[in-house]
Amino acid sequence: MSPNNFAVEQLRRAQYLPRALFVKAACAGPALALRSRAEMEMEPDFQSFLSAVSRRVLDGGDIVFDEALRLIEATDAADIHDLLARANRIREKFKGNRIHLCSIINAKAGACPEDCKFCAQSAANATESPRYSFVDGEALLKAATEARANKAQALSVVTAWRGLKEGPVLDEVCASIEQIARSGTVRADASLGIIPSQDVADRLKASGLVCYNHNLETARDHFPNICTTHTYDERVQTVRYLKNAGIRVCCGGIFGMGETRRHRIEMAFALKELDVDIVPMNFLNPIPGTPFEHLKPLPPMEILKTIAVYRFILPRKEIMVAGGREVNLRDLQPLMFLAGASATMIGNYLTTTGQDPKKDLQMIEDLGLDPNWDGHWSHAAP
Ligand code: SF4
């Protein structure tokens, strides 16, 4: 008898393990064999566990870190399908059937001094991404009109630079935001990098900015593996300045950058603590010439499962599937909404093209969802 089976036999004789569990334990190896019957009873099977946590979230409760970890560690296909269905129910309850659509314009491209390893626009990466300085008002208004025609509610002005300080560049950016806000076409949003002071955030708010995107990108522990020219804490502080200014915050990250499943859960709980409004979930599309060009893309079911677990952790937030959905989800793109997403980007990305907007709108309507978001940030049930 092997040492493992000997230990199991001792437990069975002491009546800690009934016969059926004894057979299962003896076949399963040391980890299972040495667990007591009481421990096994405390851990319900996945279906019972999923049912209990989804009921709690639907009733307005929260899930805790270890529960989220158990959800994201699911590997059985049928378990993952059930997880998506439960996340879909949570989306329906807290967000209704309206899908929030946003567009972006790459308003200043390339030559960024930061060294983000995933980014085609970093000067540190040898990519073929375009380079140009801040675009004029005409280009911004054209993009806003196009975004509106695609049923996007917002146009985010995105720039490839470290961040914004007081000075002529901030003046120019604020004038552009005012121009979009005054046009009445779409909501004026922006993604302009690190904000170094409350004054800068307050200036942006005064210009008519509604929502600002600034991602955490990944978990705190993993952040130094993706960028060394600025810190995770600078990103968190930027979010705090924005919130203090009364600006809505769009803050999420990129998945598939070598992070663990635990890292993904850590980021979700960090976002929950920061109480951000929109959580963009980008999935790495490895760009040739970046240090991450050889990373293997996440499998579609892993992506859908991650979206679903984010819906469990952040039931009332807009969860937006953004960059990388076309290349990574392929024909499974419609399932992102059935996994709990309530928003997506429409049109092109910063350096890559997106799916034809008409196809996206058709996909949303074919699912029985409504692309006419009503402008409410929270559909939270009492
Ligand atoms: S700060 Fe933004 S634009 Fe610059 S390298 Fe990082 S992700 Fe790219």
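**Entry 1: Overall make-up**

I counted 16 helices and nine strands in the protein chain. Helices (H or I, at least four residues) and strands (E, at least two) are DSSP runs, numbered from the N terminus. I note that residues are numbered from 1 along each chain as its sequence is written. The model is a predicted one, in which local features need pLDDT of at least 70, side-chain atom pairs count only at pLDDT 80 or more, and totals for chains, interfaces and linings use all residues.

I then looked up the pLDDT, the predictor's confidence in each residue, from 0 to 100. The protein chain has a mean pLDDT of 86, with 85% of its residues at 70 or more. Residues 1–35 have a pLDDT below 50, and this stretch makes 29 contacts in the model beyond near neighbours in sequence.

**Entry 2: Burial and the core**

I checked burial by C-beta atoms placed from the backbone: a residue is buried if 20 or more others lie within 10 Å of its own, exposed if 12 or fewer, and partly exposed in between. Of the 382 residues in the protein chain, 43% are buried by this count. Among the contacts in the chain with a separation of 6 or more, 77% join residues 24 or more positions apart.

Next I looked for nonpolar cores, that is, sets of buried Ala, Val, Leu, Ile, Met, Phe, Trp, Tyr and Cys residues joined through C-beta atoms within 7 Å. The largest nonpolar core holds 95 residues, and L155, V279, I307 and M320 have the most contacts inside it. Helix α13 (residues 300–313) contributes the most to this core, giving eight residues. I listed what V279 touches, not counting residues up to four places away in sequence: C251, G252, L271, Y310, L314, K317, E318, I319 and M320.

**Entry 3: V249**

I located V249 in strand β5 (residues 248–250). V249 counts as buried because it has 20 C-beta neighbours inside 10 Å. V276 is 27 residues from V249 in sequence, yet their C-alpha atoms are 5.3 Å apart in space. Apart from neighbours within four places in sequence, V249 contacts Y212, V239, L242, K243, V276 and D277.

In helix α10 (residues 198–206) I found V200, A201, R203 and L204 buried. These four lie on the same side of α10 because they cover an arc of only 155° around the axis; the arc is that of the directions from the helix axis to the C-beta atoms. An α-helix has 3.6 residues a turn, so residues three or four places apart point the same way. The cover over the buried residues of α10 includes α9 (168–183), β4 (211–213) and α11 (232–245). Just after α10, G208 has a positive phi of about 110°.

I made the corresponding check on helix α16 (residues 357–366), whose buried residues are P357, D360 and I364. They share one side of α16, since their arc around the axis is only 60°. The exposed residues K358, Q362, E365 and D366 are on the face turned away from the buried side of α16. G368 follows α16 and has a positive phi near 80°.

**Entry 4: Loop residues**

I noted A111, which is not a glycine but has a positive phi of about 60°. A111 sits in the loop between β1 (100–108) and α8 (137–149). A111 is partly exposed because 15 other C-beta atoms lie within 10 Å.

K151, also not a glycine, has a positive phi of about 70°. I placed K151 in the loop between α8 and β2 (154–159). With 19 C-beta neighbours inside 10 Å, K151 is partly exposed.

L192 is in the loop between β3 (187–191) and α10. L192 is buried, having 27 other C-beta atoms within 10 Å. Leaving out neighbours within four places in sequence, I found L192 in contact with T159, G163, L164 and V173.

**Entry 5: The ligand**

Which residues are around the ligand? I found C112, E114, C116, C119, Q121, S122, A160 and G193, where near means that the C-beta atom, placed from the backbone, lies within 6 Å. This shell divides into four nonpolar, three polar and one charged residue. Here Ala, Val, Leu, Ile, Met, Phe, Trp, Tyr, Cys and Pro count as nonpolar, Asp, Glu, Lys and Arg as charged, and the others, Gly among them, as polar.

Definitions and conventions: Contact = placed C-beta atoms within 7 Å.
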